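Student: I have not looked at this one before. Can you go through it with me?
Tutor: Fine, here it is.

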Amino acid sequence: MSDHIYKHIELTGTSTESLEQAIRNAVKRASKTVRNMRWFEVTDTRGHITEGDVEHWQVTIKVGFTLNE
């Protein structure tokens, strides 16, 4: 196995559906400009409540990617 060097960025994804969808939305959008993404770590979870119900999920993640040679 070769050595890897990772850089990481922080993203916040949102969704009206679920936490999982908020993560997927963040990763999918980042994949348009960030290459070689390898892992993510959830660092924060928040939501927006309207009239006693969850209206929006917000999930902050760190995304690690390998650097090009």
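Student: Leaving aside its neighbours within four places in sequence, which residues is T66 in contact with?
Tutor: T66 is in contact with H4, I5, Y6, R35, N36 and R38. Contact means heavy atoms within 4.5 Å. Before going on, note that this is a predicted model, where local features need pLDDT of at least 70, side-chain atom pairs count only at pLDDT 80 or more, and totals for chains, interfaces and linings use all residues. Residues are numbered from 1 along each chain as its sequence is written, and side-chain values use heavy atoms, with hydrogens and water left out.

Student: And where is T66, and is it buried or exposed?
Tutor: T66 lies in strand β3. It is buried, with a relative accessible area of 11%. Buried means under 20% relative accessible area, exposed over 50%, and partly exposed in between (1.4 Å probe, protein chains only). Helices (H or I, at least four residues) and strands (E, at least two) are DSSP runs, numbered from the N terminus.

Student: N36 was on that list. What is the phi of N36?
Tutor: Near 65 degrees, which is positive, and N36 is not a glycine. Most residues other than glycine have a negative phi. N36 sits in the loop between α1 and β2 and is partly exposed, at 27% relative accessible area.

Student: Which residue in the β2 and β3 turn has a positive phi?
Tutor: E51, with a phi of about 50 degrees. E51 is not a glycine either, and at 83% relative accessibility it counts as exposed. The hairpin formed by β2 and β3 has 2 residues between the strands.

Student: How many bridges do β2 and β3 pair over?
Tutor: They pair over 12 bridges, in the antiparallel sense. Two strands pair if DSSP finds at least two bridges between them.

Student: What about E41, what does it touch, leaving aside neighbours within four places in sequence?
Tutor: E41 is in contact with T60, I61 and K62. E41 belongs to strand β2 and is partly exposed, at 42% relative accessibility. E41 and K62 are 21 residues apart in sequence but 5.2 Å apart in space, C-alpha to C-alpha.

Student: Now the helix. How many residues does α1 have, and how far does it reach?
Tutor: Helix α1 (residues 19-30) has 12 residues and reaches 17 Å from its first C-alpha to its last, close to the 16 Å expected at 1.5 Å a residue. The expected span is 1.5 Å times one less than the number of residues.

Student: Which residues of α1 are buried?
Tutor: A22, I23, A26 and A30. They cover an arc of only 100 degrees around the axis, which puts them on the same side of α1. The arc is that of the directions from the helix axis to the C-beta atoms.

Student: What do those buried residues pack against?
Tutor: They pack against β1 (6-15), β2 (37-50) and β3 (53-66). A22 touches G13, T14, S15, W57 and V59, not counting residues up to four places away in sequence. The face of α1 turned away from its buried side carries the exposed residues R24 and K28.

Student: Which residues make up the largest nonpolar core?
Tutor: It has 8 residues: L11, A22, I23, A26, A30, V59, I61 and V63. α1 gives the most to this core, with 4 residues. A nonpolar core is a set of buried Ala, Val, Leu, Ile, Met, Phe, Trp, Tyr and Cys residues joined through side-chain atoms within 4.5 Å.
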